[in-house]
Amino acid sequence: MADFPRQFDREALLACARGELFGPGNAQLPAPPMLMMDRITEVSADGGASGKGHIVGELNITPDLWFFPCHFPGNPVMPGCLMLDGLWQLTGFNLGWRGWQGQGFALGVGEVKLTGMIRPDRKLVRYVVDFTKVIDRRLKMGVADGRVEADGEVVAEVKDMRVGLAVAQGG
């Protein structure tokens with residue numbers, strides 16, 4: 001297990017997006033505006049509902065976020081695909097945090113339920129990811145369930161979300 005902190009502020013997340021946190025060629029968050037969180041408040045390799053690891057991230061909601069004016073004009077809501085992407089981003093981050101090597105990529109999700117909306121008047125989005133399986137072979141993979149909360153209300157739930165890490169082959 002790598003010796004990383006269990007909480008990360010915005011500057012640390014931006015360092016991860018630049019490839020500086022886990023090193024070149026390893027797990028990396030997207031840069032803004034696609035970075036879907038402002039901080040990570042908890043991360044573990046053995047916590048969560050199944051004892052296989054968890055991670056929690058938060059995004060401050062402000063009316064000027066880039067997606068509100070275009071989704072949808074006159075009826076602004078955060079796209080469900082961005083909620084899912086926030087969960088995928090955290091899942092991949094957790095794998096890099098474990099010290100696993102390789103570039104991260106989303107592999108899929110078994111089930112997505114959108115049960116609410118995130119509008120500009122909300123204040124805080126909380127992403128919670130609980131790992132159900134971790135595979136540490138040539139392909140490193142995390143399988144997890146997740147939920148998105150807006151001001152404490154569950155607005156999305158996913159089951160069997162999969163993120164992998166693969167080392168780039170020279171060539």
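Modeller: Let's start with contact, which means heavy atoms within 4.5 Å. This is a predicted model, where local features need pLDDT of at least 70, side-chain atom pairs count only at pLDDT 80 or more, and totals for chains, interfaces and linings use all residues. Residues are numbered from 1 along each chain as its sequence is written, and side-chain values use heavy atoms, with hydrogens and water left out.

Colleague: Okay, which residues does Val148 touch?

Modeller: Leaving aside residues up to four places away in sequence, Val148 touches Met83, Leu87, Ile118, Val125, Arg126, Tyr127, Glu153, Val154, Val155 and Ala156.

Colleague: And which residues touch the most other members of the largest nonpolar core?

Modeller: Such a core joins buried (under 20% relative accessible area) Ala, Val, Leu, Ile, Met, Phe, Trp, Tyr and Cys through side-chain atoms within 4.5 Å. Here it has 43 residues, and Ile40, Met78, Phe93, Ile118, Tyr127 and Val148 touch the most other members. Helix α2 gives the largest share, eight residues; helices (H or I, at least four residues) and strands (E, at least two) are DSSP runs, numbered from the N terminus.

Colleague: How many salt bridges are there?

Modeller: Side chains of opposite charge can pair when their charged atoms come close. The rule is a Lys or Arg side-chain nitrogen within 4 Å of an Asp or Glu carboxyl oxygen, and the count comes to eight. One of them pairs Arg126 with Glu149, closest N and O atoms 3.4 Å apart. That pair links strands β5 and β6, 23 residues apart.

Notes. Buried means under 20% relative accessible area, exposed over 50%, partly exposed in between (1.4 Å probe, protein chains only).
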